[in-house]
Amino acid sequence: MKLSRKDFLRNSAMSVAGIAFGTNAFAANADKTASGTPSINYYKNMKNLKLKNVRLETGFEYFEDEVASTKTDLFSVDIENGKIKNISANTNDPDAVDAKGLLMLPSFKDMHIHLDKTYYGANWQAVKRRKGGVKGMIALEQEIMPELLKNSTFKAEKLIELLQSHGSAFARSHVNIEPTSKLDSLKNLQKALDHKKDGFGAELVAFPQHGVYYTDSVPYLKEAAKMDIEFIGGLDPFSIDGAIEKTMDFTVQLALDNQKGIDIHLHETGDSGVQTIEYLIKKVNENPILKGKTYLSHCFALGKIDQAKQEELAEKLAEAKVGIISTIPFGGLIMPIPTLMNKGVEVMVGNDSIVDHWNTFGSGSVLQKANLAAQLYGYSTELALSRMLSLATAGITPLDDKGNQVWPKAGDNADLVLIDASCSAEAVSRVSEVKSLIYNGKVVY
């Protein structure tokens with residue numbers, strides 16, 4: 001936002017992403033806009049920040065043993081070297097940045113997305129009529145990936161900026177590793193992430209979108225596993241590769257050999273889907289180093305089985321510390337997310353596709369995903385809505401189930417959003433507007 005000198009002096013403040021910056025906060029050598037006022041780069045370049053009038057949740061208020069509302073108060077928050085240094089009583093310090101009573105929440109995390117292949121940042125394209133299921137989509141990708149790769153770095157950067165505008169400072173991105181793209185999709189995305197490293201963090205999944213053996217992706221996966229990635233991915237081992245054990249054994253061993261985690265796309269329902277879930281649990285239990293590092297994305301088989309089997313598998317997943325990453329909703333399928341969460345399974349969400357050849361409905365907001373989950377499962381009370389925030393933050397909530405403040409604390413990473421809401425419950429229910437994103441102690445949106 002650019003303001004004239006006259007407007008700046010009249011308001012005695014500059015609004016940047018919804019935060020009022022007092023005139024005394026400006027340094028003499030601040031970056032300047034054409035009009036002479038400090039630019040957004042000034043705030044982005046600041047190593048330390050002092051915020052005042054920050055709204056934080058402090059506890060729950062009860063009526064007849066039910067959480068009736070969320071208590072909040074205004075505080076000052078000092079940020080130094082990417083960490084929250086101190087949280088103290090509110091101040092009138094003229095050099096502090098005025099958060100104007102906005103609610104501070106943990107920054108959001110998109111835990112399932114494909115940053116490497118998108119139309120976003122280019123011309124709009126709707127999804128074409130699908131033929132041949134997932135294998136038909138593989139054939140389509142073999143045709144279009146060479147063209148997508150020509151400017152995939154630029155489009156990935158634009159997609160990251162969209163996520164930032166919705167409060168996400170981190171993503172787990174699956175990236176195509178297959179004979180058509182070879183390692184180019186990975187290399188192009190790594191360039192984009194390097195360009196955005198000061199404002200965005202990521203972990204990457206080497207994803208054999210065209211199958212491990214259906215197309216010969218094995219040599220490329222082995223090479224990618226030695227590069228800067230965190231997870232080995234997979235795709236429907238029975239319906240694509242024709243063998244659950246062969247494909248899963250390869251995936252698990254590759255992860256073990258290279259000290260990586262595992263994140264498998266599992267769209268299959270019916271017996272093959274359930275068998276894949278159970279086989280992966282078995283392999284993780286045989287290799288405990290993979291506990292807490294193994295995930296099933298989508299895992300639609302869980303939505304197609306009866307409640308007793310859902311609960312049985314949820315208990316086994318929790319015991320093996322195998323997490324589920326879901327897109328919400330997905331057609332007419334309702335995943336048993338409450339059952340999974342109640343049994344202690346780590347559940348996270350993501351946008352998955354944002355304007356690509358698979359889907360065009362991804363908004364970039366994981367807060368919206370939390371809202372959709374609350375609607376689907378009837379979570380409309382103050383307590384239930386506040387718990388749904390954990391889907392947007394990959395598990396972090398300001399208050400625990402008993403109303404004890406657990407975030408923020410001194411020493412926490414300074415990854416946070418300032419949002420126009422009175423509390424977490426309202427933020428989820430109303431999909432409240434993100435006014436500012438701070439990542440690693442820096443204003444990035």
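**Cavity, pocket and rings**

Modeller: The structure holds one cavity of 30 Å³ or more. A cavity here is a set of points, on a 1 Å grid over the protein atoms alone, where a 1.4 Å probe fits but cannot get out, and its lining residues have an atom within 4 Å of a point. Grid points are joined across faces, edges and corners, and a volume is the space filled by probe spheres set on the points. Please keep in mind that this is a predicted model, in which local features need pLDDT of at least 70 and side-chain atom pairs count only at pLDDT 80 or more, while totals for chains, interfaces and linings use all residues. Residues are numbered from 1 along each chain as its sequence is written, and side-chain values use heavy atoms, with hydrogens and water left out.

Colleague: What volume does the largest cavity have, and which residues line it?

Modeller: The volume of the largest cavity is about 40 Å³. Its lining is made by Ser326, Thr327, Ile328, Pro329, Phe330, Leu333, Ile334, Met335, Ile337, Leu376 and Tyr377.

Colleague: And how does that lining divide by class?

Modeller: The lining of the largest cavity has nine nonpolar residues, two polar ones and no charged ones, where Ala, Val, Leu, Ile, Met, Phe, Trp, Tyr, Cys and Pro count as nonpolar, Asp, Glu, Lys and Arg as charged, and the others, Gly among them, as polar.

Colleague: Now the largest pocket: how much space lies in it, and which residues are nearest its centre?

Modeller: About 550 Å³ of space lies in the largest pocket, a pocket being an open set of grid points with protein on both sides within 12 Å along at least five of seven lines. The lining has 30 residues, and Phe330, Asp352, Ser353, Trp358 and Asn359 lie nearest the centre of the pocket. Helix 3 (133-148) and helix 12 (366-377) are the elements that give two or more residues to this lining; helices (H or I, at least four residues) and strands (E, at least two) are DSSP runs, numbered from the N terminus. By class, the pocket lining divides into ten nonpolar, 15 polar and five charged residues.

Colleague: On to the rings. How many aromatic pairs does a search of the whole structure find?

Modeller: The search finds three aromatic pairs, with rings of Phe, Tyr and Trp (its six-membered ring) counted as a pair if their centres lie within 6.5 Å, and with planes under 30 degrees apart called stacked, over 60 edge-to-face and the rest tilted. One of them joins Tyr213 and Phe250, whose ring centres are 6.2 Å apart and whose planes stand at 65°, so the pair is edge-to-face. This pair links distant parts of the chain, since Tyr213 is in the loop between strand 10 (201-207) and helix 6 (218-224) and Phe250 is in helix 8 (residues 244-257), 37 residues apart.

Colleague: Are those two buried or exposed?

Modeller: Tyr213 counts as partly exposed at 31% relative accessibility, whereas Phe250, at 13%, counts as buried; buried means under 20% relative accessible area, exposed over 50% and partly exposed in between, with a 1.4 Å probe and protein chains only. Lys246 also lies over the face of Tyr213, at 4.3 Å from the ring centre, and a charge sits over a ring if NZ of Lys or CZ of Arg is within 6 Å of the ring centre and within 35 degrees of the ring normal.

Colleague: Where do Phe231 and Tyr295 lie?

Modeller: Phe231 lies in strand 11 (residues 231-235) and Tyr295 in strand 13 (residues 294-298), so their pair ties together parts that are 64 residues apart in sequence. Both Phe231 and Tyr295 are buried, and Arg172 lies over the face of Tyr295, at 4.3 Å from the ring centre.

Colleague: What does Met348 touch?

Modeller: Not counting residues up to four places away in sequence, Met348 touches Met111, Arg172, Tyr295, Ile324, Ile325, Ser326 and Ala394, contact meaning heavy atoms within 4.5 Å. Met348 is in strand 15 (residues 347-349) and counts as buried at 3% relative accessibility.

Colleague: Last topic, the backbone: which peptide bond is cis?

Modeller: The bond from Trp407 to Pro408 is cis, with omega near -5°, and Pro408 is found in the loop between helix 13 (382-393) and strand 16 (416-419).
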